[in-house]
Amino acid sequence: PGFAANTADDAVVLTANGVNGNIEHTAGVSWIGRAAPLTYAGNGSFRVLSGTTQFDGPVTVSMPTVVAAGATLDAAGSLGLTQGVALAGTLSGSGGVTLSGNSSWTGGTMAGTGATQLSAGASLSASSAGTLVSTRSFSNAGTLDLVGGTVQMAALAGNDGVIRLGGGATLDRSEEHTSELQ
């Protein structure tokens with residue numbers, strides 16, 4: 001289903017109310033050609049469960065976000081995930097993605113030419129039995145916890161945060177960084 005509105009220049013807020021009010025994308029969803037901001041908010045979570053959800057305008061998700069294995073969240077514009085993300089699928093695109101809150105990365109990839117920013121005060125826990133790969137530029141102002149497995153980052157630069165390596169965790173990077181390594 002779709003909706004008709006003058007959304008080319010009007011802000012749109014999608015709110016899920018109730019105790020477990022979730023917003024779920026279970027097939028390809030696109031928010032493209034829009035300069036107006038889109039906001040997801042509510043008491044539950046924003047879930048990309050399958051297919052590709054594509055945003056090319058400014059989007060803010062003010063609820064915990066889940067990107068399931070096999071699903072893709074593609075940002076061609078700015079995307080703010082203010083309540084953290086549980087990433088098991090793919091985060092891709094040419095746009096900037098800002099992670100705030102507590103996030104986890106347990107599968108999938110971070111792909112595309114865009115940049116991922118871990119905000120000050122935010123945390124990202126990365127753990128996998130295999131290898132997690134990011135071809136996106138990654139900037140850390142928060143705390144990046146590498147709990148297990150290998151994390152390959154093509155560009156780990158502009159870091160003012162903390163990177164912690166747990167037992168058995170490996171950080172494989174192609175660029176130097178200035179972060180404190182604990």
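Hi everyone. A cavity here is a set of grid points where a 1.4 Å probe fits but cannot get out, and its lining residues have an atom within 4 Å of a point.

Let's talk about confidence. The chain averages a pLDDT of 83, and 81% of the residues score at least 70. Over residues 1–7, though, the pLDDT is below 50, and this stretch has seven contacts beyond near neighbours in sequence. Residues 177–182 also stay under 50, and for them the model has 19 contacts beyond four places in sequence. Where pLDDT is low, the predicted coordinates should not be read in detail.

Now, the cavity. How many cavities of 30 Å³ or more does a search of the whole structure find? The search finds one, and the largest cavity has a volume of about 60 Å³. Its lining is made up of V67, L73, L81, V85, L87, L91, L99, S104, W105, M110 and L124. By class, that gives 10 nonpolar residues, one polar and no charged ones. Strand 11 (85–87) and strand 14 (102–105) each contribute at least two residues to this lining.

Last stop: A75, which sits in strand 9, residues 72–75. Is A75 buried or exposed? A75 counts as buried, because its relative accessibility is 0%. Leaving out residues up to four places away in sequence, A75 touches F55, S92, G93, S94, G95 and V97. Take S92 from that list: A75 and S92 are 17 residues apart in sequence, while their C-alpha atoms are 6.2 Å apart in space.

Key. Residues are numbered from 1 along each chain as its sequence is written. This is a predicted model: local features need pLDDT of at least 70, side-chain atom pairs count only at pLDDT 80 or more; totals for chains, interfaces and linings use all residues. Side-chain values use heavy atoms; hydrogens and water are left out. pLDDT is the predictor's confidence in each residue, from 0 to 100. Contact means heavy atoms within 4.5 Å. On a 1 Å grid over the protein atoms alone, a cavity is a set of points where a 1.4 Å probe fits but cannot get out, and a pocket is an open set with protein on both sides within 12 Å along at least five of seven lines; lining residues have an atom within 4 Å of a point. Grid points are joined across faces, edges and corners, and a volume is the space filled by probe spheres set on the points. Helices (H or I, at least four residues) and strands (E, at least two) are DSSP runs, numbered from the N terminus. Ala, Val, Leu, Ile, Met, Phe, Trp, Tyr, Cys and Pro count as nonpolar, Asp, Glu, Lys and Arg as charged, and the others, Gly among them, as polar. Buried means under 20% relative accessible area, exposed over 50%, partly exposed in between (1.4 Å probe, protein chains only).
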